[in-house]
Amino acid sequence: MKKIISLFCLLAVFSTSLVAQNNTAEEKAPAEEVLLKDYRPKSIYKLPEYKAEKASFGAIDMHSHPYPNSEEGIKKWVETMKENNIKKTMVLTYSTGAEFDSLYSVYSKYGDYFEVWSGIDYTGYNEPGFSEKSVKELERLHAVGATGIGELGDKGSGLVYSHPTKGVGLHIDDERLDPVLEKAGELHMPINIHVAEPYWFYMEMDSTNDGLMNAVDWRLDNKKDILGHGELLKTLENAVAKHPNTTFVAAHLGNSAYDLNIIGRMLEKYPNLYADLSARYAELSQIPRHVRQFIIDHQDKIVYGTDMGTDGHMYDVTFRVLQTMDEHFYEHDTFGYHWSLNGFDLSEDVLRKIYVTNPEKILNR
Ligand SMILES: [Zn+2]
């Protein structure tokens, strides 16, 4: 049995239910019996392969999480980072309080290899005095060593990623958060935030859904009382506009792969907004020429990120998509879609910006 690395950070860290079990190649089904979810085609094309085994510049990974659960695992991760030319990784912990402190004490031992970002403390967000208390905790987290905030996340029901307290019903443009977001700017703590989800998840789960195989596991079409895709992007835009001294990074290109104009327009309008490429390589590599041009057009605002564990092959897949002109290659074990992937063949100048220059702009504060 093989496992598919989940593309969706939060649940991937905290749930094992997302580890999809699939037929191995050895369990081939005859055509009359094959189900779409078991479809594992292999390319027959004889093509040149440009596979990339390391980042072409010492890269900064702007979107990862505390995946290993042992010191051994972290040491192995650092070795994998070195092999892949990743010079630094943002460990987005989602956490506040004692949990953040203990994660910080573990990761801070590795010097420049990691920065550790905290969550926001939403405790008592329906009570008077919340904003002051949350600002106080942010100052404490910063004093402990948090250098940024994230990953905040809102898939429609509110900012539920941070823990121990989830901000159910609280969205990023809520005025109760204004003092916290202002303080983040003052402390030069950038904010990585995930809003919405890929558009296939909102569509009907039927034979016309282009991303059905992945969307059905993450469906939102049956969720009532949540903000929709456009409404969530609007909450992000409101917050970015209200807090021009605070830097925001829209995770996963604002989940707007289906219409890159949505995030593109915001990147052009707001100097304090960036976007990361993490965990959307499969969604983007279906339209490689369009995405290549989008990245070129927004080359000063896009940053590298992974969000898919710590495995060496995972990094190679991201490099192959960004750096090569390989076409029609499958990564069934890495992504949940039934699609093949295509490389963007980005130039060295553009790669340097997304791997190094833009992350450094955000981190040099
Ligand atoms: Zn994530």
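**Close-up views of a predicted model**

Four bridges connect strand 4 with strand 5, and the two strands run parallel. This is a predicted model, in which local features need pLDDT of at least 70, side-chain atom pairs count only at pLDDT 80 or more, and totals for chains, interfaces and linings use all residues. Residues are numbered from 1 along each chain as its sequence is written.

**View 1**
Strands (E, at least two residues) and helices (H or I, at least four) are DSSP runs, numbered from the N terminus. Two strands pair if DSSP finds at least two bridges between them. Strand 3 is joined to strand 4 (residues 86-92) by four bridges, and these strands run parallel. Asp61 has Thr89 of strand 4 as its bridge partner. Met90 is placed opposite Glu115 of strand 5.

**View 1. The residues of strand 5 point two ways.**
In a regular strand the side chains alternate between the two faces of the sheet. Phe114 and Val116 point one way from strand 5, Glu115 and Trp117 point the other way, and all are buried. A residue is buried if 20 or more other C-beta atoms lie within 10 Å of its own, exposed if 12 or fewer, and partly exposed in between, with C-beta atoms placed from the backbone.

**View 2. Strand 11 (residues 273-276) is covered on both faces.**
Leu273 and Ala275 lie on one side, Tyr274 and Asp276 on the other, and all are buried. Strand 11 pairs with strand 10 (residues 248-250) in the parallel sense, over three bridges. Ala250 has Ala275 of strand 11 as its bridge partner.

**View 3. Helix 4 (residues 130-144) packs with helix 5 (residues 178-186).**
The angle between the two helices is about 25°, and their axes are 8 Å apart. Axes are lines fitted to C-alpha atoms, for helices over the stretch in contact, and angles run from 0 to 180 degrees between N-to-C directions. Helix 4 and helix 5 are therefore roughly parallel to each other. Angles under 35 degrees count as roughly parallel, over 145 as roughly antiparallel, 65 to 115 as roughly perpendicular and the rest as oblique. The crossing of helix 4 and helix 5 is right-handed; a crossing has this hand if the near helix is turned clockwise from the far one by less than a right angle, and is left-handed if anticlockwise. Ser131, Ser134, Val135 and Leu138 of helix 4 make the contact with Pro179, Val180, Lys183 and Ala184 of helix 5. Two residues are in contact if their C-beta atoms, placed from the backbone, lie within 7 Å. By class, this contact has five nonpolar, two polar and one charged residues. Ala, Val, Leu, Ile, Met, Phe, Trp, Tyr, Cys and Pro count as nonpolar, Asp, Glu, Lys and Arg as charged, and the others, Gly among them, as polar.

**View 4. A cis peptide bond joins His163 to Pro164, and another joins Gly150 to Glu151.**
Most residues other than glycine have a negative phi, and most peptide bonds are trans. Omega is about -5° for the bond between Gly150 and Glu151, and Glu151 belongs to strand 6 (residues 149-154). For the bond between His163 and Pro164, omega is about 15°. Pro164 is in the loop between strand 7 (158-159) and strand 8 (167-168).

**View 5. Tyr94 and His188 have positive phi values.**
Tyr94 has phi near 65° and is in the loop between strand 4 and helix 3 (97-107). Tyr94 is buried, with 26 other C-beta atoms within 10 Å. His188 has phi near 55° and is in the loop between helix 5 and strand 9 (191-195). His188 is partly exposed, with 16 other C-beta atoms within 10 Å.

**View 6. Val321 is in helix 11 (residues 312-323).**
Val321 counts as buried, with 25 C-beta neighbours inside 10 Å. Leaving aside neighbours within four places in sequence, Val321 is in contact with Tyr281, Ser285, Leu341, Gly343 and Phe344. Val321 and Ala52 are 269 residues apart in sequence, and their C-alpha atoms are 8.7 Å apart in space.
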